[in-house]
Amino acid sequence: MADLAPKTPGWLDWHPNPSAPTFRLPPGTVDAHCHVFGPQAEFPFAPGRKYTPCDAGKDRLFALRDHLGIDRTVIVQATCHGADNSAMLDAVRAGGGRARGVATVRPDVGDAELRALHAAGVRGVRFNFVRRLVDTSPKDELRAIARRIALLGWHVVLYFEAADLPELEGFFASLPTPLVVDHMGRPDVTRPVDGPGFARFLRFTERNDVWVKVSCPERLSVTGPPALDGEGEPYADVVPHARRVVEEFGDRVLWGTDWPHPNLTGHMPDDGLLVDHVRRVAVTEEQLHRLLVDNPTRLYWPGER
């Protein structure tokens, strides 16, 4: 066996003992954003990766799913695996119909490979524009990928920083598929929810076929407090932005755990407290059911209830 690469210095592993949520998730809840890392001995990380994580394989993911009361998962290809989707596909297949996948593909991906990904449960590809994580492909190559996956009924998942939206939104709007934006487009939550920056994101969402993941408060928060040690009101500075998205686009919002929370540096949240946090951003039963059940089911398991 080849030597295993050491973790990136300062890497924070997933929470080893998450609490049981006090909020009981409704039947049919979908975690629409989570990842698997390796295990490295079975699924080596990509040579060109920009970080080396801990192992976080499917067995751990499914154990957390059951602990939190989640029914279904959407596993998004992690950048540490590059365009080798093997670990993600292994997990989706092991999900036995309760998992879907979002892949990373190269511009020269063949039709047979795309069909195989679809048969395995993949329903989207992710375009990542966060420079510290990836070297983004040229836009003409991404546009060509989008045209091909549109034929399969897939969507494009977008990950970008809010400051880059003015440069990118024209390109995004030109893509011929539905768009799913990770983590509310990573807003600067120190700025007012009614300010021009977040308003631009909201209007971009309004004008286009855009779905928004109301996820990752632990990554967006500046002032916390963190979801640790039983904290009942974590990440208060993120709540106004998340509530606004849920209020304006209730039929196009998704929620996800982001487990195993890659590249956090300050703390590793208690996943049970993150589930409880959902009630602070979706404050009515109708909002909660759309966010957790109706919307992700319609996007990833159309035709099912």
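**Close-up views of a predicted model**

**View 1. A look at R186 in its loop.** R186 sits in the loop that links β6 (179-181) and α6 (196-207). This is a predicted model, so keep that in mind for every view here. R186 isn't a glycine, yet its phi is positive, at about 50°. What makes that worth a close-up? Most residues other than glycine have a negative phi. Is R186 buried or exposed? Its relative accessible area is 14%, and buried means under 20%, so R186 counts as buried.

**View 2. Y235, another positive phi.** Here we've moved to the loop between α7 and α8 (239-248), where you'll find Y235. Y235 is not a glycine either, but its phi is positive, about 55°. With a relative accessible area of 1%, Y235 is buried.

View 3. L220 belongs to helix α7, which covers residues 217-220. Its relative accessibility is 6%, so L220 is counted as buried. How far apart are the C-alpha atoms of L220 and V238? They're separated by 6.8 Å, while the two residues lie 18 residues apart along the chain.

**View 4. Two cis peptide bonds.** Most peptide bonds are trans. The bond from G38 to P39, though, is cis, with omega near 10°. P39 is in the loop between β1 and α1 (58-68). The bond from W259 to P260 is cis as well, with omega near 5°. For P260, look in the loop between β8 and α9 (271-281).

**View 5. The open sheet.** Eight strands make up an open sheet, and they line up in the order β1-β2-β3-β4-β5-β6-β7-β8 with parallel pairing. Which strands stand at the edges? They are β1 (30-34) and β8 (253-254); each has a single partner strand, so one side of each has no neighbour in the sheet. Now zoom in on β2 (residues 72-76) and β3 (residues 99-103): these two run parallel and are joined by four bridges. V76 stands opposite V102, which is in β3.

View 6. Which residues form the negative surface patch? D108, E113, D140 and E141 do. Let's pick out one of them, E141, which lies in helix α4 (residues 139-150). At 31% relative accessibility, E141 counts as partly exposed, because that label covers values between the buried limit of 20% and the exposed limit of 50%.

Technical notes. Residues numbered from 1 in each chain as written. Predicted model: local features only at pLDDT ≥ 70, side-chain atom pairs only at ≥ 80, totals over all residues. Heavy atoms only, no water. Patch = residues over 30% accessible without salt bridge, like charges linked within 9 Å, V, L, I, M, F, W, Y side chains within 5 Å. Areas by Shrake-Rupley, 256 points an atom, 1.4 Å probe, with all protein chains shown as cover. Salt bridge = Lys/Arg side-chain N within 4 Å of Asp/Glu carboxyl O. Lys, Arg positive; Asp, Glu negative; His and termini not counted. Charge placed at Lys NZ, Arg CZ, Asp CG, Glu CD. Buried < 20%, exposed > 50% of the residue type's maximum accessible area, 1.4 Å probe, protein only. Pairing = 2+ DSSP bridges.
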